[in-house]
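Dear colleague,

Please find the structure below.

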Amino acid sequence: MEPVIRVENLVKRYASRELGRRAAAFTAVDSVSFSILPGSTLALVGESGSGKSSVALCLACLEPVTSGQIWFDGRDVAALSERESRAVRPKLQIVFQDPATSLNPRWTVGEIVAEPLLVKGRVANRERRERAAQGLERVGLGAEYLERRPAELSGGQRQRVAIARALILEPKLLILDEVLSALDCSIQGQIANLLVELQRALGLAYLFITHDLRMAAHLADEIAVMSRGKIVEQGAVETILRGARCAETQNLLGASLVDRETEAVRER
Amino acid sequence: MSTRSRLIICVLVLGALHLGVACAGFFAPYDPATQDREHPYAPPMWLHFLDAHRGIHLRPFAYAQESQTGSFDEYEENRARVIPVRFFVSGAPYRVLGVLPLRLHLFGADVPVYLLGTDGYGRDLLSRILFGGQVSLLAGLIGAGLTLSIGLCIGAAAGFWGGWKDEVLMRVAELFLALPWIYLLFAMRAFLPLAVPPVKAFLLVVVVIGAVGWARPARMVRGIVLSAKERNFVRAARGFGATGGYLLRRHILPETANVVLTQAAVLVPQFVLAEMTLSFLGLGVPEPLPSWGNLLASLQHYNVLVSYWWMYLPALAMVPFFLGYLVLASLLQGSSRATKIEVASAGV
Amino acid sequence: MMRFLLRRLGHAAFLLLGVSVLAFAFSTLAPGNYFDEMRLNPQISAERLSALRADYQVDRPMAVRYARWAVALLHGDLGFSFAYNTPVAPMLWTRARNTLLLTGTATVLVWMLALPLGVWSAEKRGRPADVALSWATAVLLIVPDLALALGLLVLAVRSGWLPTGGMVSVGFDGFSAGQKIRDLVLHLVLPVTVLVASALPVLLRHVRAAVAEALEASFLRAAEGHGISRRRLLYRYALPAAAHPLIALFGFSLGALLSGSLLAEVVMSWPGLGPFLLEGILARDLYVVIGGVLLSTLFLVAGNFAADLLLYWADPRIRAEAAER
Ligand SMILES: Nc1ncnc2c1ncn2[C@@H]1O[C@H](COP(=O)(O)OP(=O)(O)OP(=O)(O)O)[C@@H](O)[C@H]1O
Ligand SMILES: [Mg+2]
């Protein structure tokens, strides 16, 4: 089957400039390659600062790519200009970690969810409202939330709104950048289940970014482990979990084991 | 009282003050240019309710002033000649807001009454202060609007595009801040024509005032735009294909609203004062168009300064407006101290 | 240290250069050519005019003229006053000295008032004394400078307590040294009062805010708990902690006072840059205007540079940052 997205040798460097002087560029992503099949999930795990968000931003055309190719929808997205990429972007949506900052606090939930339609233009107000209500229903929120503002929602509800907004243009690929990290454990489970349901219903592909290997194992078909900008290990979930060869992966595994143990202790 | 209700009261009071000046023709008994050569430098007349025989009048009245023989500016109240004041009378024609022609005045009398005295040409000072307020306040309001538009555009452009454009714009802003601002104002004015008709002079003054102060608001707006454009909801909007114009209009510029409003409350009185200063020094709006500044210009003559205290009154006309704007600015400004410093610094 | 100094100096030089270019460009590009207007001026003969035209090379491109002018400027030549028919520089220097005397005195006075008052009201914040003071500053804040200057002038004229114009009395040159100083001080009182009264309220509010914030800081609360005396706490700890914003305020106060002095000088006929500039504008005396503007910029830039140095000396963080580079 043809993959939804195929990333080849992606490199991202940040040129940090200070007072006009050019400091040495910092390589955040170093020749990363992967692909995702329709309806499947790739989990990108790695410790903080390993370059996961940078990959996500590059894929979503939100940061210019230094080199490499991103094949999506039959085109190399990395080579597109800002103007050209506007046509591609709706098909590949990103959801951010902290729903508190990814929703404009001045807008109502209805406006937020329907914003992609507003940007697209030529959609009547009435229809926007209806589709916003449908979108909210899809993520388990009733129409009574349409008039609320983000400040009046809980963290989990905000993340649902963000997901509803990402889905309203019917994308093929959803990039989920640590969408669960800012949430409580029980809410994490609910949102994770919602994501699984949505994937089944809509046939979406996910790039699921996390540093929680356990959650990755729960949601993903395949796992890629990142460390210092490179993918150090990649494979099906079982292989990675059982035969982790890299120290980094073992560290991550250990971290989630420790998590589980402390939780267990807390529960007692 | 909550901040919100205080804000509403403040805006209402300020609005009423401005409305009063906008309807100057109604409150002013005379045309500001009408001269009364019989009564130069007539002192203010008091309104009385009690007459010399302790009789109470429900209708206020004034005593006629008669110039003393042999002197051109000394007057004596003639207690025998009572001038009753009438309300809602028809008088000199005027236009409300420059369009609606009317003749209705709040008060008037058969013989001229000068509640705040007259100037050297016998023009009614009350009327001149009211009409002068139109000129000065309009200059302040348009000037502030202009400055904020320039500041908003430049600040938004610098913050949004970044890179060398940002660098260049902010360097230019620094240049504008390196001059003491009154000197900058004067320098700008200096290189423009001096002897021009009143309306053109007014426009010149407005443009100069508006062009001088943009640097500080531009820097503030840039700061806000810089932080707003990194917000995730802006990124998300870019993610579904929003253009730069859309992002600015819908997400980024609304963030600057608070600062822009506060700046407006700070800049309007500052610019009214700038107009007053320019006109006072003969670089602004010329006679016969009255403005709060050129009304005071006669005080540069020693004899006017010492002999006719009421000529000083136009200087005080600004005070209630200053008070209103000061309260407004302090209510509008956020709680963070950084903005306070910026806001207050812009006030000088 | 050297690097920091050089950077700030470079910045100051950039500002001066930029303002000179701006002033020059604006003067040439503005409608109405000075030399055209001069033809109408009976004080200037036709030969003089053509000599000036040749001297200033009005027909050459602007960049060339600016370069010539800038080179002359570096030699202390500020151009020629058409109205006075003499070089501008000597006249400008005496005027600038007078302005400096006025604003300098006002700056010192306003800070001597604002610092203790600000610290005092920050300590008593929220109490009646502080509220009363803030009302008093609000009153000063809402009276326009122009009204204040004119009002004080009326008062002085009517009462006859103070001299009301100029910088010295008639016959100043014949006075003894003591009399001279007395006379100068008496003449200073009025304009300095106007300047102080117009700059004090804003400055006082800033000082109060800065010190109040420092007092709220946790380390000072801890020090208070240790039983350090109130006075010592205020002046040894809170004031230095507030040094950064206060020094930044210094440049700003200087700008405000320079701006304010223009009006005060004109109203009180103090022979400083203000009236000179005004005369220059009204007489369309190009080089007087440019010179006056440049000098006022020089004052402000120099003041800000001094503030930078103070900041460097007072704030260890900046010193550390400068050392890193
Ligand atoms: N705009 C930027 N400019 C310069 N450096 C950046 C920029 N954004 C990220 N970096 C650097 O790139 C590296 C990777 O950052 P990235 O945000 O991709 O990490 P991450 O894996 O998502 O971390 P986390 O799990 O904490 O979100 C970091 O060292 C970061 O400091
Ligand atoms: Mg990240």
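In which strand of chain A is Ser31(A) found? Ser31(A) is found in strand E4 of chain A, residues 26-36; helices (H or I, at least four residues) and strands (E, at least two) are DSSP runs, numbered from the N terminus.

This is a predicted model, in which local features need pLDDT of at least 70 and side-chain atom pairs count only at pLDDT 80 or more, while totals for chains, interfaces and linings use all residues. Residues are numbered from 1 along each chain as its sequence is written, chains are lettered from A and ligands numbered from 1 in the order in which they are written, and side-chain values use heavy atoms, with hydrogens and water left out.

Backbone features

Ser31(A) has a positive phi of about 30 degrees, although it is not a glycine. Chain B has a feature of another kind: the peptide bond from Glu287(B) to Pro288(B) is cis, with omega near 0 degrees. Pro288(B) lies in the loop between helix H9 (244-280) and helix H10 (292-296) of chain B. Both features deserve a note because most residues other than glycine have a negative phi, and most peptide bonds are trans.

Domains

Domain bounds come from an automatic or database domain assignment. Chain B is divided into domain 1 (45-115) and domain 2 (129-347), and the centres of these two domains of chain B, taken over C-alpha atoms, are 39 Å apart. Chain C is divided into domain 1 (2-88) and domain 2 (95-161 + 188-285 + 298-324). Here the contact (heavy atoms within 4.5 Å) takes 14 residues from domain 1 of chain C and 14 residues from domain 2 of chain C. The area buried between these domains of chain C is about 1,300 Å², of which carbon and sulfur atoms give 67%; buried area is the accessible area (1.4 Å probe) that two parts lose on being put together, summed over both.

Chain C with chain B

The contact takes 59 residues from chain C and 46 residues from chain B. The area buried between chain C and chain B is about 4,600 Å², with 80% of it given by carbon and sulfur atoms. In chain C, Ile142(C), Leu146(C) and Ile281(C) lose the most area to chain B, together 13% of what that side buries.

Helix H5 (residues 181-190) of chain B and helix H12 (residues 273-282) of chain C have axes that come within 10 Å and cross at roughly 15 degrees. Axes are lines fitted to C-alpha atoms, for helices over the stretch in contact, and angles run from 0 to 180 degrees between N-to-C directions. H5(B) and H12(C) are therefore roughly parallel to each other, since angles under 35 degrees count as roughly parallel, over 145 as roughly antiparallel, 65 to 115 as roughly perpendicular and the rest as oblique. Tyr183(B), Phe186(B) and Ala190(B) in H5(B) meet Leu273(C), Gly274(C), Leu277(C), Leu278(C) and Ile281(C) in H12(C). The residues of this contact divide into 7 nonpolar, 1 polar and no charged; Ala, Val, Leu, Ile, Met, Phe, Trp, Tyr, Cys and Pro count as nonpolar, Asp, Glu, Lys and Arg as charged, and the others, Gly among them, as polar.

Chain B with chain A

In this pair, 17 residues of chain B are in contact with 23 residues of chain A. Chain B and chain A bury about 1,900 Å² between them, 56% of it on carbon and sulfur atoms. Phe233(B), Arg238(B) and Phe240(B) supply 34% of the area that chain B buries against chain A, more than any other three residues.

The axes of helix H4 (residues 109-120) of chain A and H9(B) come within 12 Å and cross at roughly 145 degrees. Glu115(A), Leu118(A) and Val119(A) of H4(A) make the contact with Tyr246(B), Arg250(B) and His251(B) of H9(B).

Yours sincerely
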